[in-house]
Amino acid sequence: MYPVSKLGKSPRAVGKLKEDNMFRKRIIFYTNLFMISILCNACVAYSDRADVQSTHSRYKRSLPSPEEAKVALDKHNEFRAMIGDEGEEPIPSDMRFMTWDDGLALTSLTYAKKCIWKHSHLSERKTAALSTNNGENLWTGFGDLAINFDPAHGITTWFNEYKDYDFYNKTCTPGKKCGHYTQVVWAKSYKLGCAWHLCSTLVAEGDVLKDAMFMVCHYAPGGNVEDEEMYQVGERCSKCLSLDTCPDDRLCHNEKRDKIIPLPSNPGIVAGGLVAVILMLALFGGLGYYVHLKYGISKSKLLLAIRKSRRVSSSVALNENDVTTSTITKADQSTSVSDALSCAADSDRIAAAKTNGTRLSTINIDTASPD
C-alpha cells in the first residue's frame with residue numbers, strides 16, 4: 001500500500017499523471033510543428049501561383065494579355081489557312097481552326113520562367129482539360145528582339161522553316177530545322193497557348209545570352225507524330241469531320257472543339273487557401289487542446305484530488321471519533337461495574353454491622369438509622 005499524499009494520490013500515481021501530461025504536450029508540440037511546416041509550404045505554393053497568374057507587364061512573370069494572345073493565335077491561323085497558296089506545299093483538306101487556351105499558356109509560362117533552352121518534359125505541358133501528349137515550340141531573341149518583342153516575329157520564324165522541308169519525303173534539309181514549322185501547321189492540333197519571359201541569362205546552343213526573351217508555345221494535341229502526315233492533301237475543308245463547318249472556306253471549325261476552356265478558378269490558390277484554413281483551424285484546435293490539458297484537466301483533477309483528500313480526512317476523523325467513543329464507553333462500563341461491586345460490598349458490610357451493633361463511619365453512603 002503506497003503512502004497517501006495530501007492530495008489523496010500516491011507518489012507513483014502523481015508521477016504517472018505528470019508523465020502522461022508531458023507525453024501529451026510533446027505530441028501536441030510536434031503535431032503543431034508539422035502543421036506549421038505544411039502551412040508554410042501551402043503559403044509558398046499560394047504565393048507562387050498567385051504570382052504566376054498576376055497581370056503585370058509582359059516582361060514579368062505573367063500570362064499574355066488578351067491582345068497579345070490574339071496576335072499569337074491569329075498568326076498561327078493565318079499560316080494554317082494560307083499553306084499551299086504559293087504552290088511550294090500541297091493544299092491541306094483537313095486543317096483545323098485553332099483557339100486559345102489559358103491552361104496551355106500557363107504551362108508555357110511556367111516553363112519559360114525556368115530559362116532553360118531545351119524542350120520540356122511531356123508532363124510539364126499537360127493541363128487538367130488537355131492531358132494528351134501536347135507539342136511545344138521554343139524561340140529566343142535578345143537585344144532589339146527582346147526589347148521590342150513581338151510574338152508574331154518568332155512564329156513567322158518557325159513557319160519559314162517550310163523552305164527546308166520536303167512534305168512528301170518527310171525530310172528536312174541537312175543542318176536545318178523543320179520541326180517548328182511542322183508543329184505550326186499540324187492539322188490535328190486545335191488548341192494553342194503561348195507565353196514569354198525575359199531571362200537575365202539564357203544558355204542557348206552554347207551561347208550565353210543576356211536579357212533574352214524566351215517564348216514557349218504549347219499545342220494540343222501535339223504534332224510531329226512519327227509515321228503520321230502533317231495533314232491530308234485535297235480541296236480545302238473537303239475532309240473536315242462530319243460535324244465541322246468551314247465558314248472561311250479554309251479551316252475546319254467545330255463549336256464543341258473550339259469552345260474556350262476557362263482556366264480553373266485559381267485552383268492552386270483555392271486549394272492552398274483551403275488547406276491554409278484547415279491547417280489554421282487544426283493549429284488553433286491543437287493549441288486549445290494544449291491549453292485545456294494544461295489549465296483545464298489539470299485543475300479539474302486537482303479539485304477532484306482535493307475533494308477526495310477532504311473525504312479521506314473526514315473519514316479518518318470519523319474513524320478516530322469512533323475509536324475514542326468506543327474507548328470512553330468501555331471505560332464508563334468498567335467504572336459502572338466497579339461502582340456496582342463497591343455498592344454491593346458496602347451493603348453487605350452495613351448489614352453485618354447492624355447485626356453486630358457496630359456503627360461504621362467510613363461508609364460513603366448515608367444509611368444510618370435515626371437515633
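**Reading the disulfides of a predicted model**

Cys 240 and Cys 252 form a disulfide, with their sulfur atoms 1.7 Å apart.

Biologist: What kind of model is this, and how are the residues numbered?

Modeller: This is a predicted model, in which local features need pLDDT of at least 70, side-chain atom pairs count only at pLDDT 80 or more, and totals for chains, interfaces and linings use all residues. Residues are numbered from 1 along each chain as its sequence is written, and side-chain values use heavy atoms, with hydrogens and water left out.

Biologist: What is a disulfide, and how many does the structure hold?

Modeller: A disulfide is a covalent bond between the sulfur atoms of two cysteines. The criterion here is a pair of cysteine sulfur atoms within 2.5 Å. The structure holds five disulfides. With bonded cysteines counted along the chain, their pattern is 1-5, 2-3, 4-6, 7-9, 8-10.

Biologist: What is the torsion for Cys 237 and Cys 246?

Modeller: The sulfur atoms of Cys 237 and Cys 246 are 1.9 Å apart in their disulfide. The torsion about this S-S bond is about 60°, so the disulfide is right-handed. Cys 237 is buried at a relative accessible area of 16%, while Cys 246, at 22%, counts as partly exposed.

Biologist: Which parts of the chain does the disulfide of Cys 194 and Cys 217 tie together?

Modeller: Cys 194 is joined to Cys 217 with an S to S distance of 1.9 Å. Cys 194 lies in strand β5 (residues 191–204) and Cys 217 in strand β6 (residues 207–220), so the pair ties together parts that are 23 residues apart in sequence. Strands (E, at least two residues) and helices (H or I, at least four) are DSSP runs, numbered from the N terminus. The torsion about the S-S bond is about 110°, so this disulfide is right-handed. Cys 194 and Cys 217 are both buried.

Biologist: Where does Asn 137 lie, and what does its side chain reach?

Modeller: Asn 137 lies in strand β2 (residues 135–141) and is buried at 2% relative accessibility. Its side chain reaches the backbone oxygen of His 180 at 3.2 Å. Not counting residues up to four places away in sequence, Asn 137 touches several residues (heavy atoms within 4.5 Å), among them Trp 158, Met 215 and Cys 217.

Terms used:
Buried means under 20% relative accessible area, exposed over 50%, partly exposed in between (1.4 Å probe, protein chains only). A polar contact is a pair of N or O atoms within 3.5 Å; within protein, one must be able to donate a hydrogen and the other to accept it, and residues adjacent in sequence count only if both atoms are side-chain atoms.
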